[in-house]
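This briefing sets out the main features of one protein model, grouped by topic. Please read it alongside the sequence and the structure shown below.

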Amino acid sequence: MSDAETPDDYDVTDDSPAATGDDEFEPVQVFPESEDMDLRPGSDDCYKCSTCDTNCPVAEVDDDFPGPKFQGPEQWRLKRKDDHDIDDSVMKCSNCMRCDSACPSEVPLSQMHNTARGSFVENQMDKLSPEYIRNRILSNYRTSAWLASKVPRLSNFMMNFGPARWVMEKTLGVTAERDFPEFAEQTFREWWVERGGAQVENPDKRVAYFHGCYSNYNTPEVGKAMVEVFEEFGYEVMVPDQGCSGTPMFANGMLDDARRHAETNVENLVAAIGEGADVIASCTSCSLSLRQEYPELFDIHGIEDVSEHTYEALEYLRIHEDLEGELDGSEVDFPDLAYHAPCHARNQGLDGQAIEVVDRIDGVEAEDVGDSCSGISGTYGWKAEKYDLSMEIGEEMFEHMEDAEGDVGMTECPTCAMQMGHGTGYEIRHPLEVLEAALVSEDTSSA
């Protein structure tokens, strides 16, 4: 007998159709009315074709991982039983979100995964366990990066000091196999203040730059390139106060932390939108978080406005400017590039644009190295127990990069850049740096 015929909470009263003889259909309330987030429509749309499982890079290398179909709709159906725990394998999901793109029925798989991870961490994870402490430190990278940026040279030495890394691996499970990314001696925001802020005033063309943690603390050259390129097109750039986008927190089930940052971001970005700005991000994980994950997971005043006004930087220029026309005839001396499209760029339909844009520039040769996942997926590849899996996932990308003509990599995602450099030894550049070289004259650049 099916569940629909014998629901646990089906309350037969004297007013029921059976009692009254009324044949009119009455829907059965399968899930409790108090459920905070109702994902029934998405769950019911899954017809178990398993396309998500066959596109999951984690399931491909980890035989013990049951895959996104189980983590999403199947677990959601089980969850209707009050005494059913979330399966701990949900913590093996890397949140690459390839399952979202692969699903032919548009089942909100990643939303289900994020919700399940949040529930698992909140209700089932030991808050004193090394895994929880490690995951909280990794997902709150902005806090540790803020501290490290106060003494960047000392931090760079200590974070890659062999004995210190050995201790971090043995006590917290942070792999010692990777070189820790260097902290810049001047953050993007410090540069922005020293520069005197925006050099262009234009109330008709304004953008609010969401630089994210990595461009601020580790690669300010990306943020500087974003500012220079947009000012070249006559935009007034605003740099509102901001927290972390929340991406690493979603991946580790730290939804309370993510919400605190989201509240700060939404408040400040809504204010910028009120001044006529659209929101621009140079990291595709940040733009995905603001435009998709925020409204999926949180109910914050103004969150839909932020979602609707958020764009990836190149995407915005392609929509609002004749970017290709501006680049036609431009020439720059730039190394040949091996380009990797991040999974979160693919999820937004942006995987082909960087190649299409830089191909317009004379002197730049860029080759797409295929649709494989880099394998690092933010904090996933920094965990000691997942390091080998992350390298196995990334192996195809490494091979394609080495087969490409270029020996410099290019991507929009900072953690994909880490993995690309780690697996090949290549220097990695951002597409905005290529645009800056092609469009911004040296006498106007302050980078």
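A contact means heavy atoms within 4.5 Å. On that basis, residues 24 or more positions apart account for 75% of the contacts in the protein with a separation of 6 or more. The structure is a predicted model, in which local features need pLDDT of at least 70 and side-chain atom pairs count only at pLDDT 80 or more, while totals for chains, interfaces and linings use all residues. Residues are numbered from 1 along each chain as its sequence is written, and side-chain values use heavy atoms, with hydrogens and water left out.

**Confidence**

- The mean pLDDT (the predictor's confidence in each residue, from 0 to 100) of the protein is 90, and 89% of its residues reach 70 or more.
- Residues 1-21 have a pLDDT below 50, and this stretch has 16 contacts in the model beyond near neighbours in sequence.
- The pLDDT is also below 50 over residues 28-34, a stretch with twelve contacts beyond near neighbours in sequence.

**Overall composition**

- The protein contains 25 helices and eight strands; these are DSSP runs numbered from the N terminus, with helices being H or I of at least four residues and strands being E of at least two.
- Of the 447 residues in the protein, 56% are buried. Buried means under 20% relative accessible area, exposed means over 50%, and partly exposed lies in between (1.4 Å probe, protein chains only).
- The accessible surface of the protein comes to about 20,200 Å², and 46% of this belongs to carbon and sulfur atoms. Accessible areas come from the Shrake-Rupley method with a 1.4 Å probe, and for residues only the protein chains shown count as cover.

**Salt bridges**

- A salt bridge is a side-chain nitrogen of Lys or Arg within 4 Å of a carboxyl oxygen of Asp or Glu; by this rule the count comes to 18.
- D257 is paired with R136 in a salt bridge whose closest N and O atoms are 2.7 Å apart. This pair links distant parts of the chain, with D257 in helix α16 (residues 255-274) and R136 in helix α8 (residues 130-139), 121 residues apart.
- D257 counts as buried because its relative accessibility is 5%, whereas R136 is partly exposed, with a relative accessible area of 33%.
- E185 and R153 form a salt bridge through their side chains (3.0 Å, N to O). E185 lies in the loop between α11 (162-172) and α12 (188-195) and R153 lies in helix α10, so the pair ties together parts that are 32 residues apart in sequence. Both E185 and R153 are exposed.
- A salt bridge also joins the side chains of E324 and R318 (2.8 Å, N to O). E324 is buried at a relative accessible area of 15%, while R318, at 28% relative accessibility, counts as partly exposed.
- R134, E385 and K386 are connected in a network of salt bridges.

- Y311 belongs to strand β4 (residues 310-312) and counts as buried because its relative accessibility is 18%.
- The C-alpha atoms of Y311 and I280 are separated by 5.1 Å, although the two residues are 31 apart along the chain.
- Apart from neighbours within four places in sequence, the contacts of Y311 include D278, V279, I280, A281, Y316 and I319.
- At the start of α19, a side-chain oxygen of E312 comes to within 2.9 Å of the backbone nitrogen of L314.
- Helix α19 (residues 313-320) has A313, L314, E315, Y316 and L317 among its buried residues.

**Positive phi angles in loops**

- S377 lies in the loop between β6 (366-368) and α23 (387-403), and its phi is near 45°, a positive value in a residue other than glycine.
- S377 is buried, with a relative accessible area of 18%. Not counting residues up to four places away in sequence, S377 touches S94 and C96.
- The side chains of S377 and S94 make a polar contact (3.3 Å). A polar contact is a pair of N or O atoms within 3.5 Å; within protein, one must be able to donate a hydrogen and the other to accept it, and residues adjacent in sequence count only if both atoms are side-chain atoms.
- S50, in the loop between α2 (40-45) and α3 (51-54), has a positive phi of about 70° although it is not a glycine. S50 is partly exposed, with a relative accessible area of 21%.
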